[in-house]
Amino acid sequence: MSATILDGKTIAENVRLEVKEQVTKRVAEGKMVPGLATVLVGENPASQVYVRSKHKACQEAGINSYGHVLSADATQQEVEDLVIELNDDPKVHGILVQLPLPSGLDEERVLNLVSIEKDVDGFHPLNIGRLAQKGRDPLFIPCTPAGTMYLIEQVVPKIEGQNAVVLGRSNIVGMPVALLLVRANATVTICHSRTKNLPDVVRQADILVAAVGRAEMVKKDWVKPGAVVIDVGVNRVDDPTAKRGYKLVGDVAYDEVAEVAGVITPVPGGVGPMTIAMLMKNTLRAAEIADLK
Ligand code: NDP
């Protein structure tokens, strides 16, 4: 059997086009242009790339973006003052603090300060808390988990009752993905570094989400034939034939797992593009929430 490839790039482009159409419509109705402020502290090259691509996506969707850069030696107070200023700025509907912050800064305190109504990254403890509670709805869902669920929904018409295994329990990916799957009535197993007999547990999955950050860890014989495999991992491995000297691979051994899975996401081109698409969707939603005020 050969898996169907779930093309996150095309799906993400469609989401971004939908957002653009809705932005155009709301602006034509005289409503405010949605605005996203990014806060980048320090000069982490990967963070700089992520922030640049978020601004580019905003531009394409007709969303205003406001980039704020603080030096690596910015104090906690300076970062907090900036967030407070952005909370009060009516042009700014969404605030994205690019993580990780340089060591020495208290990330949790900064994320706590972001207004819950502008928390387009969905990392505010109130939003995460609501995600974990039955009958409560967060205002925003973190972007990578939301993108992961969006992909699953494209190929699994009825998530209810399916066995889902989430490999990884981080605050930003594994745990929120697991919570979303529970909300969709899947039966969810969360695996982590202390899980025993990992391949046996993973083999129970009808839906497998891999978010461990270990290159090609999930092998063919870990995967139930026909399973839906969503690979969130992004890992650099040396590749002397590549221009940059490395290539990106996921947490799943793609070529061999594609022989048994029913559906699989590639890396790159799977979950990655969905993250920014969901950020655009969340920013539009933030502007809609502000309309109601
Ligand atoms: P973290 O390092 O924060 O979490 C990794 C998780 O995997 C932890 O829960 C850890 O367990 C578990 N784990 C690590 N090693 C093993 C192992 N050998 N066996 C079982 N479980 C293990 O990573 P993130 O969640 O931040 O990211 C995961 C991956 O997703 C990374 O490759 C990252 O680059 C990628 N990513 C991709 C994004 C995208 O847009 N596509 C966005 C964000 C992340 P424990 O809790 O016990 O330590």
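**Charges, strands and helices**

Guide: The charged end of Lys91 sits over the ring of Tyr66, 5.8 Å from its centre. A charge counts as over a ring if NZ of Lys or CZ of Arg is within 6 Å of the ring centre and within 35 degrees of the ring normal. Likewise, the charged end of Arg236 lies over the ring of Tyr246, 4.1 Å from its centre.

Visitor: On what basis are such values given?

Guide: This is a predicted model, in which local features need pLDDT of at least 70 and side-chain atom pairs pLDDT 80 or more, whereas totals for chains, interfaces and linings use all residues. Residues are numbered from 1 along each chain as its sequence is written, and side-chain values use heavy atoms, without hydrogens and water.

Visitor: In what order do the 6 strands of the open sheet stand?

Guide: Strands of a sheet pair through backbone hydrogen bonds, either parallel or antiparallel. Here the order is S1-S11-S8-S7-S5-S6, with parallel pairing. Strands are DSSP runs of E, at least two residues, and helices are runs of H or I, at least four, numbered from the N terminus; two strands pair if DSSP finds at least two bridges between them. S7 (residues 207-210) and S8 (residues 228-231) are joined by 4 bridges, and Leu208 has Val229 in S8 as its bridge partner.

Visitor: At roughly what angle do the axes of H6 and H10 cross?

Guide: Axes are lines fitted to C-alpha atoms, for helices over the stretch in contact (heavy atoms within 4.5 Å), and angles run from 0 to 180 degrees between N-to-C directions. The axes of H6 and H10 (residues 271-291) cross at roughly 110° and come within 7 Å.
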